[in-house]
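Welcome! Here is a short briefing to read alongside the structure, covering charged pairs and helix packing.

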Amino acid sequence: GFSALENVLLGMTFARGRADPARAKQLLQRVGLEHRMTHKPPMLSVGEQQRVAVARALANRPKVLLADEPTANVDGANQAQIVELLRQTCREQNVTLILVTHTADVAGQFDRVDQLEQINRAWTNR
């Protein structure tokens, strides 16, 4: 497996054809993993693995980020940290965040919440 740093770099390489080690390190610092950059997935907790995934997703400066259950299988402390990280980073980098969650506590932490059943009704009534 790849280390946390290699994981973020690989995402950059696939998307852009080149990697930016300085940006990858900066993102891992941003998600609180500066001391775990060389660790491979089995050496990371589930919460740390989720934070590596967030860093990888933000590595290419997306305009829109789809986060599908980013807080699944993590404890409350990691859940809060991941939610705050997504909110703050997306706000700072002007990224539109589409977050899929089944957890009301997570959904309630965002300014705008659209429930799928509401969206489906609006679409069908066109």
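Which residue forms a salt bridge with R36? The partner is E48, and the closest N and O atoms of the two are 3.1 Å apart. Please keep in mind that this is a predicted model.

**Salt bridges**

- The count for this model comes to 2 salt bridges.
- E92 forms a salt bridge with R30, with 3.0 Å between the closest N and O atoms.
- Because E92 lies in helix 4 (residues 76-92) and R30 in helix 2 (residues 21-30), this pair ties together parts that are 62 residues apart in sequence.
- E92 is exposed, at a relative accessible area of 52%, whereas R30 counts as partly exposed, with 32% relative accessibility.

**Helix 1 against helix 2**

- Two packed helices are described by the angle between their axes and the distance between the axes.
- Here the axes of helix 1 (residues 4-16) and helix 2 come within 9 Å and cross at roughly 125°, so helix 1 is oblique to helix 2.
- The crossing of helix 1 and helix 2 is right-handed.
- On the helix 1 side, the contact is made by A4, L5, V8, L9 and M12; helix 2 contributes P21, R23, A24, K25 and L28.
- The residues of this contact between helix 1 and helix 2 divide into 8 nonpolar, no polar and 2 charged.

Notes: Residues are numbered from 1 along each chain as its sequence is written. This is a predicted model: local features need pLDDT of at least 70, side-chain atom pairs count only at pLDDT 80 or more; totals for chains, interfaces and linings use all residues. Side-chain values use heavy atoms; hydrogens and water are left out. A salt bridge is a side-chain nitrogen of Lys or Arg within 4 Å of a carboxyl oxygen of Asp or Glu. Helices (H or I, at least four residues) and strands (E, at least two) are DSSP runs, numbered from the N terminus. Buried means under 20% relative accessible area, exposed over 50%, partly exposed in between (1.4 Å probe, protein chains only). Axes are lines fitted to C-alpha atoms, for helices over the stretch in contact, and angles run from 0 to 180 degrees between N-to-C directions. Angles under 35 degrees count as roughly parallel, over 145 as roughly antiparallel, 65 to 115 as roughly perpendicular and the rest as oblique. A crossing is left-handed if the near helix is turned anticlockwise from the far one by less than a right angle, and right-handed if clockwise. Contact means heavy atoms within 4.5 Å. Ala, Val, Leu, Ile, Met, Phe, Trp, Tyr, Cys and Pro count as nonpolar, Asp, Glu, Lys and Arg as charged, and the others, Gly among them, as polar.
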